[in-house]
Protein chains: 2
Amino acid sequence: MSDPIKPKSGKRSSSARQSAPTLDDVARITGLSPITISRALNNPKLVRPQTIEKVMEAVARTGYIPNMQAGSLASRRSRLVAAIVPQLTNAMFVDTVQGLSDQLAAHGYQLLLCLTGYSQKHEEELVSAILSRRPDGIVLTGINHSQELRKTLLSAAIPVVETWDLTPTPIDMLVGFSHEKIGSRIGEYLVGKGYRRFGFVWADDERAAIRRRSILDVLGKQGIVDAPTALVPTPASLQLGRQGFAELFAARQDFDVIVCSSDALAQGVITEATVCGISIPGQLAVMGFGDLDFSAHTSPAISTIHIDKRALGVQAADALVAKIQGQPLAERIIDVGFELIERETT
Amino acid sequence: MSDPIKPKSGKRSSSARQSAPTLDDVARITGLSPITISRALNNPKLVRPQTIEKVMEAVARTGYIPNMQAGSLASRRSRLVAAIVPQLTNAMFVDTVQGLSDQLAAHGYQLLLCLTGYSQKHEEELVSAILSRRPDGIVLTGINHSQELRKTLLSAAIPVVETWDLTPTPIDMLVGFSHEKIGSRIGEYLVGKGYRRFGFVWADDERAAIRRRSILDVLGKQGIVDAPTALVPTPASLQLGRQGFAELFAARQDFDVIVCSSDALAQGVITEATVCGISIPGQLAVMGFGDLDFSAHTSPAISTIHIDKRALGVQAADALVAKIQGQPLAERIIDVGFELIERETT
DNA sequence: GTTGAAAATGATAGCTCTAGCATTTGGTGC
DNA sequence: GCACCAAATGCTAGAGCTATCATTTTCAAC
């Protein structure tokens, strides 16, 4: 037990004695066995308080930093969760990633962040690269993944959460909301308010496309078939909103409502319309999506669809962690819903 | 060499034969040795093309996914870079993180993202947790780190890039810009334009504080000593800008310029002032910081300080990768500079 | 003191891959 | 056919940790 402290033993001692201290070093200077050090650090319940103290002291003295790669390799747990997100410069995803990161951290997990730039091919490569890190779970954005990807993930038998959309057949778990329902809701709401001459300023993004289709379905039933769209690239921005509106307005001036695929675009439409001397909502209504941080506070304030983006990330984290830890999951599919918020622009 | 394909050998065969295939499995079914498989996958130059083909086929057939944890453990390279950022909901950092992620990916590195919420204590814990993953490099935000942290990082002997600020004594490398210079520049510019009655709407953030101090120094030299500040929490937002201005305006109405610590705040100040019937820049000038995506396109467009936030991330990635790969670094300290952009609000 | 169960600690055997050096192969020149 | 060199492949020995089961210690109860 009370071996005197001696220099690192055998194997390759003499020369390169400048590598970082390992668990064995701590074991040696405390006179304990490596496994006890491991337990003191990772599972303190199993170790006597006074032993833990001794270990901690040695850790502090040596500046020992555990090597999680070795630990993960041995224990087959990485405490790492990978998230795949199209882009961060899209304000939509930021809150979700922040919520995800915060909640994962609270559970002792860390976040490996991967940005695809909306490319499905890229997504597939990324997932392969990611899987070789053996994360304990993966968060995907959207539900539209290549068959290859689904297969890879299924055979990896790793917990997966898909987000930002809804499907009855997720790969594993899902935390999202229905773009179709949102579309119908927007359509019905605006038609109900009496608007008839629609224009769209819309980002070229798959989920946004679903919402638009769904709005058009509602409009179609009301006999509204002519609804021009200015398509803009992602990420949406105020500038693109201005451009989009300018484009629509150049072709036609009698819109009574412009529907936007995000609040950033809506803000741009409002700006451009205002500059053109159009009063909002007097002469033109504007509808957004996303309820970004500014949307309630612009003048006029933007009517929009609110989604609890942060909660989406938090719940994705919770679902993932629960599954990782083998807790029975209440729901495989969580619909976080949405809320239409009527403000001043409609 | 041409051993027949046989089931996984020895050790603990019989029972749990459902674990993922390993490099040894691929070796066995190709009749090659594990190290050759490793080389075929990681260092193909060393392997005959026809051998590589054989390996690839076996990899595809088995669905083998390399275990990077084991690889990293053996090779002491993780191809992982950790970035520590205060918060993502602060639009300022998003572009940098995106640039960092993109550029790292281009070099074959992945990003471990950690959000501190502006807490230095949290940062210290985070770094410890991060180091146990043995990243090949670390990106920090800011230069103001606890002594403990500096010591930990130095003794870990890991490449570090500090960002978003400038100091002659970085821990290792630095990619940033001078908040002091920006402050002086803003001060001189606004004084030069003839403004005298200053108000500040300012986020409670350490780097912003440096800029403000520096502006005040310039003003002081002009005999301008009375410059009230509305301090708001981070992350800055349009809403907080409105609140901040309302607060200032309630106390005093004769401002001729409001300086803001970010464009989001500036947008809020403009909105609130406009709602109050104050014309901008006619009756009141507004100065921002950051040149966010909307700043050039609001009406009126916001005068601001432009920083190439994305380039900052990209250069941080480049510096880190260069150092990791042992290339001699041109500069330890990179000042990405800034540009004052005069638009319509001043 | 002895007993016995619970608590604490330890020994062994991996986890999966790669560095470093050793060996084999293939082809060239004579 | 043989020596020789570069290219290709292989062997051995870890990298640093934990799972699993075995052993020892502790301490209450008698």
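**Close-up views of a predicted protein–DNA model**

**View 1. Polar contacts with DNA strand D.** In this predicted model, a polar side-chain atom of T36(B) is 2.8 Å from a phosphate oxygen of DNA strand D. A polar contact here is a pair of N or O atoms within 3.5 Å; within protein, one atom must be able to donate a hydrogen and the other to accept it, and residues adjacent in sequence count only if both atoms are side-chain atoms. A base nitrogen of DNA strand D lies 3.2 Å from a backbone N or O atom of A70(A).

**View 2. The protein surface near DNA strand D.** Around DNA strand D there are 28 residues, and the closest are L23(A), S38(A), N42(A), Y64(A) and T51(B). A residue is near the strand if one of its heavy atoms lies within 4 Å of it. Of the atoms of DNA strand D that come within 4 Å of the protein, 68% belong to sugar and phosphate. The largest share of this surface, 5 residues, is given by α4(A).

View 3. Buried means under 20% relative accessible area, exposed over 50% and partly exposed in between, with a 1.4 Å probe and protein chains only. Helices (H or I, at least four residues) and strands (E, at least two) are DSSP runs, numbered from the N terminus. Strand β3 (residues 137–141) of chain A pairs with β4(A) in the parallel sense over 4 bridges, and V139(A) has V161(A) as its bridge partner. Two strands pair if DSSP finds at least two bridges between them. On β5 (residues 173–176) of chain A, which runs parallel to β4(A) and is joined to it by 3 bridges, M173(A) is the bridge partner of V161(A).

View 4. The whole structure contains 0 disulfides over all chains, a disulfide being a pair of cysteine sulfur atoms within 2.5 Å. For C114(A), the nearest cysteine sulfur is that of C114(B), 13 Å away. C114(A) is buried, at 3% relative accessibility.

Residues are numbered from 1 along each chain as its sequence is written, and chains are lettered from A and ligands numbered from 1 in the order in which they are written. Local features need pLDDT of at least 70, side-chain atom pairs count only at pLDDT 80 or more, and totals for chains, interfaces and linings use all residues, while side-chain values use heavy atoms, with hydrogens and water left out.
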